[in-house]
Each structure stands twice: as C-alpha cells, then as structure tokens.
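Morning, everyone. Please put the structure up on the screen, and I'll walk you through it.

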Number of protein chains: 2
Amino acid sequence: MPGDVFEAAEYDRRIARTRERLAEAGLDAVFVTDPSNMNYLTGYDGWSFYVHQGVVVTRDHDPVWVGRQMDAIGARATTSLPEADIRAYSDDHVHSPHDRHPMDVVADVLADLGVDDGRIGLEMDAYYFTAKSYTRLQERLPETEFADATLLVNWVRVKKSEQELEYMRQAARISENAMAAGLDAIEEGVPEYEAVEAIYSALIEGTEDYGGDYPSIVPLLPSGDYTGAPHLTWTDEPFSAGDPVVIELAGCRHRYHSPLARTTFVGDPPDEIAETASVVVDGLEAALDTVKPGVTCETVEEAWREEVAKHGIEKADRIGYSVGLGYPPDWGEHTASLRPGDETVLEEDMTFHTIPALWFDEFGVELSETFRVTATGVETLAEFPRRLFTT
Amino acid sequence: MPGDVFEAAEYDRRIARTRERLAEAGLDAVFVTDPSNMNYLTGYDGWSFYVHQGVVVTRDHDPVWVGRQMDAIGARATTSLPEADIRAYSDDHVHSPHDRHPMDVVADVLADLGVDDGRIGLEMDAYYFTAKSYTRLQERLPETEFADATLLVNWVRVKKSEQELEYMRQAARISENAMAAGLDAIEEGVPEYEAVEAIYSALIEGTEDYGGDYPSIVPLLPSGDYTGAPHLTWTDEPFSAGDPVVIELAGCRHRYHSPLARTTFVGDPPDEIAETASVVVDGLEAALDTVKPGVTCETVEEAWREEVAKHGIEKADRIGYSVGLGYPPDWGEHTASLRPGDETVLEEDMTFHTIPALWFDEFGVELSETFRVTATGVETLAEFPRRLFTT
C-alpha cells in the first residue's frame, strides 16, 4: 500500500532530530508546510499542496497532520498517524470568498496542543506558506510568538539514510534510461515535444523492476538560441541542424530525485561548442575530485572555477545544491549550495546535484551529476558518459 | 519562437482591464507573483517559479518583470517587454543564507516606478508569495501601504478570448486522446505506473497537428480502496479485478487546460458502482443543463444536488471551478466556484471544470466536463462518452 516506503523507526529518528533542532532554536513547535518536510516527517504523500496543509511537530506530541477533508483519506493511507492526529478542515475553507481560512484550523490545532502560548517556528519562506497564512495565524493567535524556521527540517534532511540512498540510486537508473531516450529522440526536424514525450515515457516507465514517480521539475530541454535560457519548457518547434540542446531531467522514486543533465548537438558541433563542453567536463570532474568529508561546499565550487579559469573563463555562480526528497516546483533542498561563501562542511551521505554550466548569449553547455559524499570521496549515482553528444 | 502565443493587442486589453481593477480598488500598483498572472499579463513562460519572481503593473507604466538573472533571457524570449522593464537579481539572492532576498530588488523596482509612497496590492494568498516575501517588502518599504489583491488579476482572467478558447479546445483534443490511452492501458495485473505512462505519453504527444504542454497537475488515478482519496498519485501496485479506477487529467496547450475525469472498473462492476455512476452522470447533466448567462454558480451546483437527492444522497460540496491558464500546483483559477453560496453570475465565455463526484469510504466515482458558457447555454469542450467504463 502507498504508505510502505520507510520503516517506522526511520520516521522516529527524523522526528527526534527535528526535536533536537527545536530545542536548539528555543522553539516549542514547528508548523511545517513544505510538502517535502511533511512527507519526511510523516510519510504523507499526495498532490494536495495546492490547498493549505501542514504538519505540526511539538517537543513531546506526535506529529499532527492538518489538511483538507478529502485529503484526510490520503493521510490515513500514506501515514501511520493515529486518527486523532489527522485534523481536517471542511471544503468551504478552500479558495473561499467567505470568512474562512485553513489557518483557522491550524490555530485551533496549535491551541489544542498547548503550544499557542509558546514560541512556534514557521517556514516563512517556503513555497506554500503564503503571506496570508502568516497574517491569519497572527490574527488568530495574538499571544503566540512566531519565529522563522524556514529550513529547520530541510537541514535535518541533508544526510541520507541507507533507504533514502537506495531510492536515489533507483531514481538514477531511471534518469539514465530517460536521458538515453531523450538523446535518442532528438534529431533534425523532430519537434521538441516528441523528445519530451520520449523522456517522460521513460521517467514514468522506470526500469524493469519498478516504475517512476513524477519529478518535481518537468524535463527541460532549452535548445538553439535558447540554450542560455535554462528554464524555458518545450515548444512545437523542430530541432534544427546547428542547434545545441541541453537536457535536464530527474528520475524520481518515492519522491527522491537523482537529477542528470547532458548537452547534445544537432549535426556537427562547431569547435567552440565542443571546446566549451570539454571545459565543462574538466571543471565538473575537478569539482567531483575535491569531494570528501571535511571539505566545504565553497571548496568544491572553487575547484570548478579554477579549472575553467585556465581557459580564461571567469564564473562565480552556484554550481550545485543539496538534493533528494522533493515536490514541485523544485527538487533542490535549499540548504547547502556549492557556491562561494557556503562554508557547509561535507559529511558522509550528503547528496548534491552539481550542475556546472557555461551559458553564453548564443548557446550554453550543461553537464551534471548527482553525487553522494562517501567516507573517503564521492559516488556519482548515475553512470552516463560525460561528453557532448551529437544526433 | 516561444513568445508567439497571443497578439500584442490581447496583452494590451488584459493590462487595461487590470488597471480598471486597480482604480476600482484604489491601488497604485499590483505586484503579481502567481505564474499564471505573470503569463497572462506579459506572456512570460518558464519553469522558474521555484525562485521568487513577479510582475509589477502600475496605473501608467508598462508591466515590469522581476526575476532571477538566468531567467531574464527567458523573459526576453517569451515576452515583448522592453529591456528596461526586465529587472533581474543576481544569483546570490537564490536560496541564500546571506542577507539578500529577491524582494529587495522588487522594493527597488517599486521605488523606481514611484509607487512606493502609494498603495500597492499584493497577492497575499498566492502559492509563491511567501510570508517572508511580505515581511521583507514591509521592512524595505516602511512607508508603503500594502493591500490584499490576491485574486485581482485572476478575476480579469474569468472570461476567455477567442484565442484562449482556441487553446482550451486544442487542450480538449489532447484530453480526449489521453483519456482513451489511459482507459486502454488499465487492465488487471498492469501496474498503475504503466497506465500513467500511457496517459503522459498522450498528453505530451498531443495530436497530429500540435504537441501538448505539461499539465499543472499530474494525471491522478486513485484506484481500489483509494478511489475515495482523490489526490493520491500512482504506485507500482497492479490493478486488481474489482477495483474502480478514477482517471483525472488535463490536456494543456500554451498553459491552457481542459480537464477531464472518467471512472473505469477492472472487471464487472457491482450494481452499487454502476448505479452510483449513473447518478453522477444524471447529476452532471442536470448541472450542465442549467448553464447559461445570467444563472449563478450556486444554481448550477443546486441542480446537481437536487438530482442526486432523488437517490437519497445528500451532498453540498463544490462541484466545479473556473479553469483555464495555470501552472503547478493547480489548474483552477481560484475565482468562481460551483458551490452553495457562490453568487457569481455566469457570463458568456466563462469556462469551468465541473467535477461532481460521489466518494464513499470504500469507493468513489468521478466524472467531469470542462465547459464554456455560450450566449444561450453550454459548450462542453471535450467529446467523450459519459459513462462508467470497464476494462
């Protein structure tokens, strides 16, 4: 059944670590609205984040799920929360012009849990925690002290368990299949959507042993003049000879992602692109070579930067980020970044997507790997040739 | 190229209508963060809503796009905004632990536009306008008066133009193909993800004449014991004889959706389910029969409710909502709802997804249509048999 993804003990460990962070931050509770954090703490899974919902974790009470009535059935199916800890609001709270808001029910739950006279952490900068949710909670609980706890649970997620890594490796197998399908589909005259169809099909079909989940970001394949615009989605236009095409995708398994990017070229690549790709590969490998416990995130970026500087290219961008569990619109965890100034120290079983790219006005080349920090170095999750492809 | 979706005059009309609403609401500007509203007013399209971005519309200045530096290229590609009205923030504002937030740049833009001493509408309850975005704007612009303008632009979107309707009809063709593919794929022993693969493939493949865009919600197919949990996504489990399966999907064309739901049954449906399906069809058709300009939204719901009450079923849920342009996580427009208490008067060229359902603890039946209000009645966009299917 849907809920059999992790053992109960794993959720217990996650909740215990969250409570440690509550204590460190001097918080009595955290109200978690990021769907990834809701899933991480309870197993809750469903496409219901288009309405307000969340999970409350206090210092001593089990997590409490709050959501829409029709999604309570999904909460029963995907979590092992007791019935009393599944708190639902009626449908007239949904996109309602009336004087009802789901946060009214959240306020009631916080009061019932006895933390409304305490200090409560809110994910102030999480996608689905709106400004209105915040002002509404303030109105309903004027005595409560609220604090910003945006990444509190995200930081708990940084190091992965064996089971999480297993799902990420499964996702990497799917990524390999989908990348192969995409590269295979791209040809002069083929409309972009046909390549995406091939990729999507492989992402969902998965492998012989298991299917794929939906990725948090759709396959992106900026091409031609638009390879420099990495977040454009596909069109009906055909690929043309002379187009570079970047494919960025992620296999997904039980919401765990293993992103992968490669660049291909329709026809014979001009020297400029082939050389750029070779610089990206060298830079990527220089970055990967630095990865091991004890090294900082900025050191990994520095290795990339120094390598490409040998070719006269100056770049100081973020080249990667912590990755794993995710829901739309993002598979990034928003914690550690591989970029100048990020002094996060790498530890074993952290996982990153490193996606160094060289984008110019006329074209771009991207090449990425998802990796795990091992006891002594690095494990890249996907096995896929690191080079510029051609059609 | 990506930007050729609507004529310039259509954007001009949209902006003019938005300005009328600004004047009515006594606002000097609105800062729009809902990606659908950004697209509606400028044409901007890209999977970039996982970082902060928005569009500012004032009473006299052209819309100004604000977003991440790497997405400015996408803004140039998909909008016809002049370069001066594309305002980008550097990458160190993204998921940054430093003292930088994209709203600092938005505050600068509001000041540059001379509206920081005025009254500015914010989409307080839109998905991507976080609590932090709000408090940050308040900090940066302490003299500015902010007001809730959550659905201001959404209400402008309610009536569709000829070109918008054309895209929704194209999306309906895709929905028909995808529904046929899904129904065809579902069989005893087939894992759920294989049916989703067939659906996704059809959604992206589109028709012979054009491809499909990504829908704002993934195909949902709650089955078996979980048909009552409408937002669960697929698993590796095989369909079993005796399972009802609900398919809810939407073809999408240039971000315009035409959702469609049907229910199928693996094997021979028991009388209870066949009868429930027939009640849903009767209720749906009773609702559709009431649709015409001048009728209120709640009257449409009432027709459904009275029809199912003949069978002793009491339900007073929302059975539909205004639909059209959308980005994840939702294709609903969050304005008019077909539910008790909604006195919105139907006008020609409004479009709704009506999805009445009867959900019980053990099973559920859903059947939906996307419709346009015509001058005299109703046009359903998809042509697909209204009945319970069997495998």
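Across the interface of chain A and chain B, 34 residue pairs are in polar contact, both residues being at pLDDT 80 or more. A polar contact here is a pair of N or O atoms within 3.5 Å; within protein, one must be able to donate a hydrogen and the other to accept it, and residues adjacent in sequence count only if both atoms are side-chain atoms.

A word on ground rules. This is a predicted model, where local features need pLDDT of at least 70 and side-chain atom pairs count only at pLDDT 80 or more, while totals for chains, interfaces and linings use all residues. Residues are numbered from 1 along each chain as its sequence is written, chains are lettered from A and ligands numbered from 1 in the order in which they are written, and side-chain values use heavy atoms, with hydrogens and water left out.

Back to the interface. How many salt bridges are there between chain A and chain B? Two. By salt bridge I mean a side-chain nitrogen of Lys or Arg within 4 Å of a carboxyl oxygen of Asp or Glu. One salt bridge joins the side chains of A:Arg253 and B:Asp236, at 2.9 Å from N to O.

Which elements of chain A supply at least two residues each to the side that touches chain B? They are helix H3 (69–78), helix H5 (131–140), helix H8 (192–205) and strand E10 (330–337). Helices (H or I, at least four residues) and strands (E, at least two) are DSSP runs, numbered from the N terminus. H8(A) gives the most, with eight residues. By type, that side of chain A has 33 nonpolar, 22 polar and 17 charged residues. Ala, Val, Leu, Ile, Met, Phe, Trp, Tyr, Cys and Pro count as nonpolar; Asp, Glu, Lys and Arg count as charged; the others, Gly among them, count as polar.

Now the totals. Chain A puts 72 residues into the contact, and chain B puts in 73. Contact means heavy atoms within 4.5 Å. About 6300 Å² is buried between chain A and chain B, and carbon and sulfur atoms give 59% of that. Buried area is the accessible area (1.4 Å probe) that two parts lose on being put together, summed over both.

Next, the sheet in chain A. Six strands form an open sheet, in the order E4-E3-E2-E1-E5-E6, with mixed pairing. Two strands pair if DSSP finds at least two bridges between them. At the edges are E4 (86–89) and E6 (145–148) of chain A, each pairing on one side only. From one strand to the next, the twist averages 25 degrees. Axes are lines fitted to C-alpha atoms, for helices over the stretch in contact, and angles run from 0 to 180 degrees between N-to-C directions.

E5 (119–122) of chain A pairs with E6(A) in the parallel sense, over four bridges. There, A:Arg119 has A:Glu145 as its bridge partner. Helix H4 (102–112) of chain A packs on this sheet, and its direction makes about 150 degrees with that of E4(A).

In chain B, E1 (29–32) and E2 (54–58) run antiparallel, joined by four bridges. B:Ala29 has its bridge partner in E2(B), namely B:Thr58.

Last, some backbone details. Most residues other than glycine have a negative phi, and most peptide bonds are trans. From A:Pro328 to A:Pro329 the peptide bond is cis, with omega near 15 degrees. A:Pro329 sits in the loop between E9 (320–327) and E10 of chain A. In chain B, a cis peptide bond joins B:Pro328 and B:Pro329. A:Asp349 has a positive phi, near 75 degrees.
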